[in-house]
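Hi,

Here is the structure I promised to pass on. Have a look at it first, then read my notes below.

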Amino acid sequence: MKNIENFFDDRNRAWCVHCTEALINVETNRDHVPSKCLLPRPLPDNTPVIEVCKRCNESFSEDEEYLAAVLAVVMSGSLDPDELRFPDWATILKKNARLRRELKRATIPEQPDLFGPPPRFTLHPDVDKIRRVVLKNARGHAFFEYGEPMMTEPSVCTFAPLEALDPDSRARFESASNVGEIAAWPEVGSRMMTRVITGIDLVGGWVVVAPDWYRYTVDQVGGLRVRTVIQEYLATEVVWSE
Ligand SMILES: [Zn+2]
């Protein structure tokens with residue numbers, strides 16, 4: 001990714017966007033948005049980072065690893081770390097027996113066909129854990145792109161596999177048609193405005209952090225809305241209504 005300077009109001013950088021603690025009072029960390037474990041290694045150049053309190057930063061890791069493991073399992077169709085398509089995520093699962101047990105408990109095997117392939121399974125993950133990661137990254141993207149600390153609870157925080165969306169929902173989700181309409185233009189001085197004007201890291205209105213790994217877009221339609229696509233598999237949407 002290219003480095004884009006921000007010109008937004010520095011006063012907004014005084015608080016942790018997650019817990020609203022004044023950063024001057026606490027130890028702070030640089031937090032990658034999106035979560036590092038959702039990106040390939042080496043990390044893309046200029047992966048966005050924001051400053052948050054150390055306690056929040058550290059509190060996310062377990063849920064972030066949980067999401068990575070869930071994605072590896074469902075996208076590989078196996079609970080066996082040796083069969084996972086994603087080496088880094090397989091390592092997370094290999095090292096963590098508790099997580100392996102937790103995911104095993106969350107799966108329901110499908111009925112095998114008499115002579116068919118071995119049964120597949122359906123995974124019912126802990127949605128609260130995934131939601132926390134989705135919200136964490138949405139707050140990070142909103143702050144990085146717009147300089148807006150979205151410290152309240154959002155009105156919408158959802159996620160679903162892209163392939164589970166019906167064609168209309170999918171088209172609406174993917175659409176960046178509002179970007180470019182004057183009413184929906186990002187604020188002057190925001191990184192998103194610079195992207196819209198220059199096209200930096202933008203493909204079809206989406207900021208591509210790493211192709212096939214992670215893309216996101218932030219707009220101000222009906223409030224502030226952050227959408228992401230992880231591994232071209234999981235679609236997420238977070239909205240703070242006006
Ligand atoms: Zn915090």
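Let's start with G199, which is partly exposed because its relative accessible area is 33%. For these labels, buried means under 20% relative accessible area, exposed means over 50%, and partly exposed is in between (1.4 Å probe, protein chains only). You'll find G199 in the loop between helix 7 (191-198) and strand 6 (202-203). Helices (H or I, at least four residues) and strands (E, at least two) are DSSP runs, numbered from the N terminus. From G199 to L135 it is 64 residues in sequence and 26 Å in space, C-alpha to C-alpha.

A quick word on where this comes from: it's a predicted model, in which local features need pLDDT of at least 70 and side-chain atom pairs count only at pLDDT 80 or more, while totals for chains, interfaces and linings use all residues. Residues are numbered from 1 along each chain as its sequence is written, and side-chain values use heavy atoms, with hydrogens and water left out.

Next, the metal. Which residues hold the zinc ion as protein donors? They are C16, C19, C53 and C56, each through its SG atom, lying 2.3 Å from the zinc ion. Donors here are N, O and S atoms within 2.8 Å of the metal (3.2 Å for Na, K and Ca); water is not among the atoms, so sites may look incomplete. The four donor atoms subtend angles of 101 to 118° around the zinc ion, so the arrangement is tetrahedral (for four donors, that takes all angles between 85 and 135 degrees). Along the sequence, the donor residues follow the spacing C-x2-C-x33-C-x2-C. Both C53 and C56 are buried.

Setting aside neighbours within four places in sequence, E21 is in contact (heavy atoms within 4.5 Å) with A14, W15, C16 and V26. E21 sits in the segment before strand 1 (28-32) and is partly exposed, at a relative accessible area of 32%.

Finally, the whole chain. It has seven helices and ten strands. Its radius of gyration (taken over C-alpha atoms) is 19 Å, close to the 18 Å from the globule rule (2.2 Å times the number of residues to the power 0.38) for 242 residues, so the chain is as compact as a globular protein of that length. Buried residues make up 49% of the 242.

Cheers

Technical notes. Four donors count as tetrahedral if all angles lie between 85 and 135 degrees; four count as square planar and six as octahedral if opposite donors are over 155 degrees apart and all others between 65 and 115; anything else is irregular.
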